[in-house]
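Hi,

Here's the structure I promised to pass along. Have a look at it first, and my notes follow below.

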Amino acid sequence: SCSGAVNEYLLPVLLQLCTFPSLQDKALDSLLAVFDKLIVCNFIGFNDLLVSLQSRVPIAPKTVEEKENHNEASTKKVIGNIAKCIASIAAAANEEQRGDFVSKLMITLESSVTPETLYESQLALRLSGDLGCVFDLSTMVGVTDRLQTVYIASLDSAFEDIKNAGAYGLGRACAGSVSTFLPRILFGLDENNEKEKKKYLLLSALRELIICHRLGYGSDNMAPVIQEITPHLKRHFSDNEESIRTMVADCMGSLACVQPDDILPQLNEMVQDNTVDALKCWTIATSVKLAISGGCNGDHLLPFMPTFLNLLRHDDLNVKNAALLMVYTAVHHNTQLVLPFLQKDIQPALFELATLKMKRTIDLGPFKEHIDDALSLRKAAISIISACLDKCPSNIDVPAFMPILAAAIGDVEDVQLQAHQIVLAMCPRYPQEISVVVESFVEPLEKTIFRKPFKRVGIELERLNEWKKSAVRVLLVVSKVRNVMENRKFVDLLAKVKKTPESLAMMESLEE
């Protein structure tokens, strides 16, 4: 029979699949669809499949050896996948089966969490949310009130995994019953006595609600909900905690993908406000970045880009960095958003920031620490230029960039390695430009190749050798560019490298 074949051949494979941490996206959706059909078509009983899925939940490690070998990240993914599978079959079950299942689930949710029941409680919180996302739990008498109490209590749990699972469950359940759960989330966000961590969790619940809507769950008309959510998000644009602002930006970026005609003008207006502070500007730039990476419609976003790009000129370094990340995301995900502004607005800012240095010294008593506050800006700017050379090379002024590239070759290690990769990519495409400035490469390459190890050992010594090897690779590749060997200083450096056993060995290994 079909049922026999399903149980003997198909089910074992499906149950094994749900325990793969790497299972996600379309593969996971397909698995959920199969489980749904197995219940709807009565190929297997709901309770039998439920028991089989529950048996696949990982067991919490007990011994010291088990804890040392335990991969917590993989376990969380497996629990999350099994939760989705159980929610899928519960939604497909008949009313009586679903009611009995939810009754037992509530007993688990309302029980105290211990280290021994940690995974069971995580599973219950997550699957309650996954079920609530596809099935309106408010149709079951008394369930949503009890769930709301459970979710809010879980946010104060002593276990971080329970806090996160509770926020996930709250947000997902809210998608299926907005009128029940959303008011409590928004109320918690506005309470002055709420801890920052709890606000972060409530914001992550909002993010889950928005994600569910983008996936097609919940109400078809999200506009009233968005109008209710955005004022509460805006109140946290200038939060001192970066984690809070990041989550706010995540929510706003996702909302911009859902309702660009509503959210983008609001972000645009906030940037143009003369009273806007640096923290708010940072959140706006991060929101736009996440909207771009999330697939926000480019036609809606393009008219507002000039305003958002002005953030590159902001005085605050953190805002500049956020704006650079926004541009980098646009270049990678939707180049059309930056092409009209690249030569006039973006390129001058990139060239300026790629050479900006802001060094300071901190006196720590026995020793001093030297810090360059502009390092992250240089790295981001050079990464963007590199991406532009790959995606839209005709829009970059290559001759004007070459002195900047030469300076980067003599910068700190991280920037040098970036510059090395750019040179390697440019040699076959811009041989003339390389040959013109090759002499400016000589001194910084020589310093790196012949850098002394001093007291470096172990990993630090290995890192230094890889750094030097990268410089030797550049020297080798550049030497093959037309007309380069006519430069006396470059030829002398190449000869010096070949006379030094260590660098010669590196060059020979690269030539192989």
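A word on terms before the details: helices (H or I, at least four residues) and strands (E, at least two) are DSSP runs, numbered from the N terminus. This is a predicted model, where local features need pLDDT of at least 70, side-chain atom pairs count only at pLDDT 80 or more, and totals for chains, interfaces and linings use all residues. Residues are numbered from 1 along each chain as its sequence is written, and side-chain values use heavy atoms, with hydrogens and water left out.

The overall picture: the protein has 26 helices and two strands, and its C-alpha atoms fill a box of roughly 85 × 55 × 55 Å along the principal axes. Of its 512 residues, 48% count as buried (buried is under 20% relative accessible area, exposed over 50%, partly exposed in between; 1.4 Å probe, protein chains only).

Now the helix packing. Helix α7 (residues 118-134) packs against helix α9 (residues 160-176) at about 15 degrees, with axes 6 Å apart. Axes here are lines fitted to C-alpha atoms, for helices over the stretch in contact, and angles run from 0 to 180 degrees between N-to-C directions. α7 and α9 are therefore roughly parallel (angles under 35 degrees; over 145 is roughly antiparallel, 65 to 115 roughly perpendicular, the rest oblique).

On to the charged pairs: there are 23 salt bridges in the structure, each a side-chain nitrogen of Lys or Arg within 4 Å of a carboxyl oxygen of Asp or Glu.

- Asp250 pairs with Arg207, closest N and O atoms 3.2 Å apart. Asp250 sits in helix α13 (residues 242-258) and Arg207 in helix α11 (residues 196-214), so the pair ties together parts 43 residues apart in sequence.
- Asp414 pairs with Lys379 at 3.4 Å between the closest N and O atoms. Asp414 belongs to helix α22 (residues 413-426) and Lys379 to helix α20 (residues 375-391), so parts 35 residues apart in sequence are tied together. Asp414 is partly exposed at 30% relative accessible area, and Lys379 is partly exposed at 28%.
- Lys496 meets Glu446 at 2.7 Å, N to O. This pair links distant parts of the chain, with Lys496 in helix α25 (residues 488-499) and Glu446 in helix α23 (residues 431-449), 50 residues apart.

There is also a salt-bridge network linking Lys84, Asp130, Arg172 and Glu208.

Finally, Leu17 lies in helix α1 (residues 2-17) and is partly exposed, with a relative accessible area of 30%.

Cheers
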